[in-house]
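Let's take a walk through this model together, from the overall fold down to a few single residues. Keep the viewer open as you read.

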Amino acid sequence: MKLLTVSIAGYNVAAFIRQTLDSLCCKNMERLEIFVVDDGGSDATLQIAQDYAKRYPDSIIPVHKDNGGWGSTVNYSIKHASGKYFKLLDGDDHFDTANLDLLLDYLEHADTDVIYTPYRLFDDKTGSQVEISDITKDFDTFKAYNLSELNVREGVEMHALTFKTSILQNNNVQVTEKCFYTDNEYRTKGLAFSSTIVFTDFLLYHYRVGREGQSIDVAGMRKHYKDSIMVARELIEFHKKSNTSLPPCVEYCVENAISFTYLMLILIKEREGLRKFDEYVKNQGAYYYRSPIKNVNLLRRMNFHCLIIISLMTKLRISLNPIIKKIRK
């Protein structure tokens, strides 16, 4: 039995995919199931994956499919996964190989629904470390916790999470296809159906930031802001359909999607979209209708007429805090 299924979103990442796959070539590689999902790309990603599959036929599975967006690669891999646990890896990121071996040894006897591993952000141009996201100092490592009892509001990003595959499959967890910013949707739904979590000190995921064309830049925001609205609305509806109250970490995920959408609409000065989104949150997501980011209440009082000034102030604040730039998909 495979211990871990790794789903790699491989859209036009030929410049990075060798490093990504090399990082998975660990001592326990035979316990890995690795889907390299070429999502209708036009570069050599699929050919490179096929070359690696010849070397590691029992572990690496190249997949070519029509373009359906990042979410479609996740949905494909969840459906076909046979590993005990499931983890995502973008094709321009990579794992720490030694810590991957440690994780696989741990998974042999693990039983919690979620496993947390710290992750590292590094600059695309220099390779230098930007930040380490690690909340393990607040918990006893390798101790199972009940998710509903944890007041965790940050640090549970997609990069840090490994889910028990049965949680995802049995609850038909799927994310929106042909849409950006759906990593939040994935983690929200996975956490919502989970009951237990363990925090490990295996710093595993190396997350590339600052690459040209990533959807966090303003040009990407202008092009894809409707996708952010779609994801926020999906998560508000998901919360409304939940039969029980959501754990704080799941509420934070929904709140984060809403806040990010407000932030994006402010940055691109999309006044009409901002008005409509704010009205939707007020009517359909009243639980989250409070000032999600600085200056939203001011914008409401001014009927969004001071948007240009608030947008300039927000851009200045972000320029002074580079960590805000780390959100990508």
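Two residues are in contact here when they have heavy atoms within 4.5 Å of each other. With that in hand, look at the contacts in the chain between residues at least 6 apart in sequence: 81% of them join residues at least 24 apart. Please bear in mind throughout that this is a predicted model.

Now step back to the whole chain. Its secondary structure comes to 11 helices and 12 strands. How does the radius of gyration fit with a compact globule? For 329 residues such a globule would have a value near 20 Å, and the chain has 20 Å, so the two agree.

Next comes the surface. The chain exposes about 14,500 Å², and carbon and sulfur atoms supply 50% of that area. As for charge, there are 42 positive and 42 negative side chains, with the centres of the two sets 7 Å apart.

Turning inward, 58% of the 329 residues count as buried. In soluble globular proteins, nonpolar side chains tend to be buried together. In this chain, the largest nonpolar core has 68 residues, and those with the most contacts inside it are Leu24, Leu32, Ile34, Tyr186 and Leu191.

Thr200 sits in the loop between β11 (196–199) and β12 (205–209). Is Thr200 buried or exposed? Its relative accessible area is 0%, and therefore Thr200 is buried. Leaving out neighbours within four places in sequence, Thr200 is in contact with Tyr106, Ile115, Tyr116, Thr117, Pro118, Thr136, Thr141 and Phe142. Gln19, by comparison, is 181 residues from Thr200 in sequence and 24 Å from Thr200 in space, C-alpha to C-alpha.

Finally, find Asn297 in helix α10 (residues 296–301). Asn297 counts as partly exposed because its relative accessibility is 32%. Arg275 lies 22 residues from Asn297 along the chain, and the C-alpha atoms of the two are separated by 12 Å.

Terms used
Residues are numbered from 1 along each chain as its sequence is written. This is a predicted model: local features need pLDDT of at least 70, side-chain atom pairs count only at pLDDT 80 or more; totals for chains, interfaces and linings use all residues. Side-chain values use heavy atoms; hydrogens and water are left out. Helices (H or I, at least four residues) and strands (E, at least two) are DSSP runs, numbered from the N terminus. The radius of gyration is taken over C-alpha atoms; the globule rule is 2.2 Å times the number of residues to the power 0.38. Buried means under 20% relative accessible area, exposed over 50%, partly exposed in between (1.4 Å probe, protein chains only). Accessible areas come from the Shrake-Rupley method with a 1.4 Å probe; for residues, only the protein chains shown count as cover. Lys and Arg count as positive and Asp and Glu as negative; His and the chain ends are not counted. The place of a charge is taken as NZ of Lys, CZ of Arg, CG of Asp or CD of Glu. A nonpolar core is a set of buried Ala, Val, Leu, Ile, Met, Phe, Trp, Tyr and Cys residues joined through side-chain atoms within 4.5 Å.
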